[in-house]
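Here is a short tour of a protein chain for you to follow on screen. Keep the model open beside the text and look up each residue as it is named.

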Amino acid sequence: MTLGQLLFATGLIRKPTGFLGGLLKVYAVAIGFFTVYGAAWSDWDNLGRVMVFLGLMLSLLFLLVGPTERSDPTKPNPFDFGLSLLAVATTAFFWIELEDITTRISLLEPLSPLYFFFGLATVVMSIEAARRTVGLGLTAIVLMFMAYNLWGHHISGLMGHGYISLGHLLDLTVFTSDGLFSVPIQVAATYAFLFVMFGNLLEKAGGGEFFFNISAALTGRSPGGPAKVAVTSSALFGTISGSPTSDVVTTGTVTIPMMKRLGYDPKYASAVEVAASTGGSILPPVMGSAVFIMSEFTGISYLDIAIASVVPAFLYYLGIYLQVHLRSLKMGHAPLPDDVIPRFWPTVRQGGLFLIPLVTLVVALIMHYTPTFVALYGIAAVLITWLIRYQTFSFSALYDALAQATFNMVAVTGACAVAGLVIGGITMTGLAGKVSELVLMAAGDSLFLGLLISAGAVILFGMGMPTPAAYALAAALIAPTLVQTFKVPLMQAHLFLLYFAVLSAITPPVAVAAYAASAISGSNPLAIALAGCKLAMFGFILPFIVVYDPSILLKGDWSEILLGVAAATSVVVLLAVAIEGYLNRQLSAVPRLLFGTASICLVFFEPFLALLGLAAAALGYLIHRLSPSPRNEVV
């Protein structure tokens with residue numbers, strides 16, 4: 001087994017049969033109803049509700065996911081039953097103690113033996129759930145953070161922190177909303193779950209087949225057409241919702257299954273959706289909520305920020321689009337045969353009612369309903385549409401769809417729980433601020449090094465909080481240094497930080513958007529995040545271009561703007577070719593390296609580097625034209 005296989009190896013997904021299978025399906029439907037009621041109508045305390053949700057999902061997870069790939073595919077072992085019963089007992093404890101848990105003052109009131117036991121049990125079960133569902137990669141990172149929390153007081157200097165006992169750790173991690181039960185699991189317990197339910201109902205009603213046929217009719221003759229539809233639709237939804245995770249669970253429930261049906265690898269299909277959805281937060285006219293915070297911080301009008309963001313957003317999506325196109329050519333995703341491509345208008349007449357749920361989602365988003373109620377309205381629209389098309393409706397199909405929604409969320413819940421452990425570690429030790437101070441001191445007078453370190457710090461912030469909060473922290477702690485010490489103009493400095501705050505949504509190990517996509521595709525969320533970062537690679541270069549070349553923000557005279565946009569577009573094209581290793585045919589190593597070097601040289605918008613980049617690109621193209629095709633056509 002290779003290191004990569006070891007890191008991403010997960011437990012076997014079981015399909016219990018007989019009495020146990022029927023019982024688990026009933027249990028799954030019950031969890032679904034609990035989640036819908038709790039998210040939409042209950043007046044329960046948010047912390048208590050999420051505690052109960054995690055316990056219920058963990059009890060299901062240990063029965064559905066075996067400890068290793070060699071586990072029995074239908075029957076849990078005694079250890080699995082033991083963990084499941086422990087999760088049930090923990091849920092019962094949280095429910096009984098709900099009022100005391102939500103009203104107690106953390107750290108001032110010591111944990112009782114029962115609180116200590118069930119708190120430790122919750123942490124251990126969450127780590128084991130992550131190992132089974134995500135693999136050793138993320139689990140090892142979580143354990144490293146926990147080790148730093150417990151023994152970081154032995155480190156001297158800036159990176160050290162005060163003594164944190166195990167009881168202190170459990171108190172803040174389990175019995176507050178700053179650790180296990182922070183943003184990731186809250187997302188899983190609310191609109192992520194509801195949007196997955198929406199997608200399952202739509203698929204079961206026949207909507208998946210309709211959208212597949214529409215996609216085939218529109219893009220069947222274009223290589224990579226379904227993936228291109230995912231890029232476009234995610235961009236449009238993302239600019240309305242302003243949330244990468246919400247975008248993934250909205251459009252991904254349609255586009256990911258569609259791509260899988262056309263032969264795309266589930267991980268890659270999810271990565272396309274995640275990368276495209278993330279960009280919605282930087283796409284005018286709506287953009288994400290962090291932009292409004294930026295306007296308040298800087299005093300720059302929202303309109304000016306939106307106008308300045310037009311070209312960067314276009315370049316971001318151009319990069320994804322080109323990679324999708326080249327990948328489709330390289331992997332041989334040829335157009336569908338004409339005899340299997342459905343006719344457009346007959347398809348619309350037959351299944352056009354399935355557009356109603358999507359229109360409902362869009363209208364609800366535009367009307368600024370919360371993602372939870374957007375999902376609920378979408379679910380209601382699906383059920384109404386399904387009843388109108390009564391030929392396909394049955395209570396057994398509805399029952400299966402509701403159960404499957406919970407089953408799909410099992411792995412995501414395990415991953416989100418340990419992501420909360422990482423968040424707790426960052427919050428508890430003040431690690432983000434320590435790292436920020438340390439790396440900015442290390443930058444010295446180097447603008448590039450200062451930007452590079454700032455980018456890393458913002459991504460670290462993004463592990464522990466949503467995009468608006470990560471940007472706000474970066475704006476308060478890092479922006480003054482960029483503006484005052486490195487003399488970066490105000491607009492450019494804050495856009496630099498904003499873009500990396502947005503990208504933190506897909507940056508491992510805490511990539512909530514990837515966790516949401518994994519619920520739809522069944523793929524490893526960490527692997528999805530890595531593949532998504534590859535597709536969004538230009539997004540990590542774009543903030544540097546914004547700083548070094550303000551013309552792409554439409555600043556300067558038209559000749560400068562046209563030259564700057566042309567240079568940035570060249571970076572996008574060269575980088576896409578280098579990453580995918582394809583230009584009419586597969587690239588060999590040397591021209592691929594030269595194209596990549598050329599793209600980096602053009603980032604800094606300096607005459608010497610620009611000439612060097614153009615020369616490297618020309619040489620790479622010449623070598624490619626004169627060299628024979630490599631034997632291995634897929635990299």
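Helices (H or I, at least four residues) and strands (E, at least two) are DSSP runs, numbered from the N terminus. Residues are numbered from 1 along each chain as its sequence is written, and side-chain values use heavy atoms, with hydrogens and water left out.

**Confidence**
- The mean pLDDT (the predictor's confidence in each residue, from 0 to 100) of the protein chain is 84, and 92% of the residues reach 70 or more.
- Among the elements, helix α1 (residues 3-8) has the lowest mean, 53, while helix α4 (residues 78-96) has the highest, 95.
- Where pLDDT is low, the predicted coordinates should not be read in detail.

**Salt bridges**
- A salt bridge is a side-chain nitrogen of Lys or Arg within 4 Å of a carboxyl oxygen of Asp or Glu, and the count comes to seven.
- One of them joins Arg 104 and Asp 171 (2.8 Å, N to O).
- That pair links distant parts of the chain, 67 residues apart: Arg 104 sits in the loop between α5 (98-103) and α6, and Asp 171 in helix α8.
- Arg 104 counts as buried because its relative accessibility is 11% (buried means under 20% relative accessible area, exposed over 50%, partly exposed in between, with a 1.4 Å probe and protein chains only).
- Asp 171 is buried too, with a relative accessible area of 3%.
- Glu 128 forms salt bridges with Arg 131, at 2.9 Å between the closest N and O atoms, and with Arg 132, at 2.7 Å.
- Glu 128 and Arg 131 are separated by about one helical turn because they are three residues apart in helix α6.
- Arg 132 is buried at 0% relative accessibility, whereas Arg 131 is partly exposed at 24%.
- Arg 14, Asp 80, Glu 128, Arg 131 and Arg 132 are linked in a network of salt bridges.

**Helix α8**
- Leu 166 is found in helix α8 (residues 166-174).
- At 35% relative accessibility, Leu 166 counts as partly exposed.
- The C-alpha atoms of Leu 166 and Leu 120 are separated by 8.9 Å, although the two are 46 residues apart along the chain.

Methods: Predicted model: local features only at pLDDT ≥ 70, side-chain atom pairs only at ≥ 80, totals over all residues.
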